[in-house]
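Subject: The structure I promised you

Hello,

Here is the structure for you to look through.

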Amino acid sequence: MTENYSENNKERAFLIALDTGDYDAEASMNELWELAKTGGAEVVSYAIQKRPSPEAATFIGKGLLGDIADFCELNEIDLIICDSELSPVQVRNIENITNTRTVDRTTLILDIFASRARSSEGKLQVELAQLKYSLPRLGGKGTALSRLGGGIGTRGPGETKLETDRRHIRHRIDSLRRELDKVERRRLQLHERRRKNGAVCVAIVGYTNAGKSTLMNRLTNAGVLEEDKLFATLDPTARKLNLPDGRQVMLIDTVGLVRRLPHQLVDAFKSTLEEALWADVILNVCDASSPECAEHIKVTLDLLNELGASDKPVINVLNKCDKADKGDFDFFENSVKISALTGEGLDSLLSELARALPDNTKRVQLLFPFDRLSLASFARRGIVHAEEYREDGLFLDATVEISDYKKIIDYIVS
């Protein structure tokens, strides 16, 4: 057990994990430590046990659990956090042996999400994920809490409080799904409108706390919350971004990722994560100062493949290079080194982004008669290289979007 005491009044937490060889337990424990801090806990100590599989009744061995019980009593531990999902039986047994409240990794992440959601959609998604996770974990006292009706056919144990709770949760889940379906339809209509208007979209994805919100603010002055915490922002934000070649794109921030992101959250936030599916280019932002930079990039790319966005152009944005060791990151394909905090490398990023975008512009020369000058606004939405008023109308040399090109094609002179 490794101790880390600090002087504050936060909920004191002890972390436990199993090393079964399926993943890097130390790296996952470090991430759980950060999650606990983000959730408002003070991590006092942790323990990792090597074993081939979890103990069915207590998750870890009873010997280690007894030591943890003594440690919790001596150090006034308020909370035990497990780095894996626990069954209701495991939670109950750990709490009985240690006399300490116990939660698992998924419960912790759901709690963080609940505290971070701001939009109505985000709150609906979090509640849906929480209810879906809690439904199979409900416990009760069986017929001791049964509710009886009156009259013929109602005699017997009746409906237990547990069954009533489950029915209530199922009804709420159905209601949330209907509300989220409406939200998703509105989102689809928004995407269709953007596509019809010829808008080009760029999605920022990546590991949580990699600096996505800082990059968004640096490029667009979006005013998105920036904190050195996991899941500082959950709700997607869209802002207009001007590229060096004069083109405008819609830059969209998305929810951050972690290892072994609970499938309840992937399902609930699928509409948010699927912003990447609608994007023309994806910026995969990673913390270059992290020793696990390569693993974080892989986590993101795997999820993009799972969502069906593997065919999208991806630029790996190696952020926080001002804090990183001056190593060689050239082994990442299509990568750009930046610091969103200082602005270093942003010009290179924008140039690389401009090259990666589909070529949907044309340079044309136009002549608008004076009674059709209003149509010149479509050309001016692009890049105007030259403008001249002539006897027969307004001459423009401009690079225009394909969607605008079709509206002014009758006035092209060369």
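Ala 17 is found in strand S2, which covers residues 11-19; helices and strands here are DSSP runs (H or I of at least four residues for helices, E of at least two for strands), numbered from the N terminus. With a relative accessibility of 2%, Ala 17 counts as buried, where buried means under 20% relative accessible area, exposed means over 50%, and partly exposed lies in between (1.4 Å probe, protein chains only). Leaving aside neighbours within four places in sequence, Ala 17 is in contact with Met 29, Ala 47, Ile 48, Gln 49 and Asp 83; contact means heavy atoms within 4.5 Å. The C-alpha atoms of Ala 17 and Ile 60 are separated by 8.1 Å, although these residues are 43 apart along the chain.

Before going on, a word on what you are looking at. This is a predicted model, in which local features need pLDDT of at least 70 and side-chain atom pairs count only at pLDDT 80 or more, while totals for chains, interfaces and linings use all residues. Residues are numbered from 1 along each chain as its sequence is written, and side-chain values use heavy atoms, with hydrogens and water left out.

Pro 54 sits in the loop between strand S3 (41-50) and helix H2 (62-74), and at 44% relative accessibility it counts as partly exposed. Not counting residues up to four places away in sequence, Pro 54 touches Leu 18 and Phe 59.

For the overall picture, the protein has 14 helices and 16 strands. Of its 414 residues, 47% count as buried. Among contacts between residues at least 6 apart in sequence, 66% join residues at least 24 apart.

Next, two helix pairs. Helix H4 (residues 105-116) and helix H5 (residues 120-134) pack at an angle of about 155°, with their axes 9 Å apart. That makes H4 roughly antiparallel to H5. Axes are lines fitted to C-alpha atoms, for helices over the stretch in contact, and angles run from 0 to 180 degrees between N-to-C directions; under 35 degrees counts as roughly parallel, over 145 as roughly antiparallel, 65 to 115 as roughly perpendicular and the rest as oblique. On the H4 side, Thr 106, Thr 107, Leu 110, Phe 113 and Ala 114 meet Val 126, Ala 129, Gln 130 and Tyr 133 of H5. The residues of this contact divide into 6 nonpolar, 3 polar and no charged (Ala, Val, Leu, Ile, Met, Phe, Trp, Tyr, Cys and Pro count as nonpolar, Asp, Glu, Lys and Arg as charged, and the others, Gly among them, as polar).

Leu 131 is also in H5, and counts as buried at 16% relative accessibility. Beyond residues up to four places away in sequence, Leu 131 touches Ile 169, Arg 172, Ile 173 and Leu 176.

How are H7 and H12 arranged relative to each other? Helix H7 (residues 212-220) and helix H12 (residues 346-356) pack at an angle of about 85°, with their axes 12 Å apart, and are therefore roughly perpendicular to each other. Leu 215, Arg 218 and Leu 219 of H7 make the contact with Leu 346, Leu 349 and Leu 350 of H12.

Leu 215 and Leu 349 turn up again in the largest nonpolar core, where, of 25 residues, these two together with Leu 283 and Leu 353 touch the most other members. Such a core is a set of buried Ala, Val, Leu, Ile, Met, Phe, Trp, Tyr and Cys residues joined through side-chain atoms within 4.5 Å. H12 gives the largest share of this core, 5 residues. Apart from this core lies another, of 23 residues, among them Ala 13, Met 29, Leu 32 and Leu 108.

Phi of Asn 99 is near 55°, a positive value in a residue other than glycine, and Asn 99 counts as exposed at 73% relative accessibility. Phi of Lys 320 is near 60°, again positive in a residue other than glycine, but Lys 320 is buried, with a relative accessible area of 17%.

Best wishes
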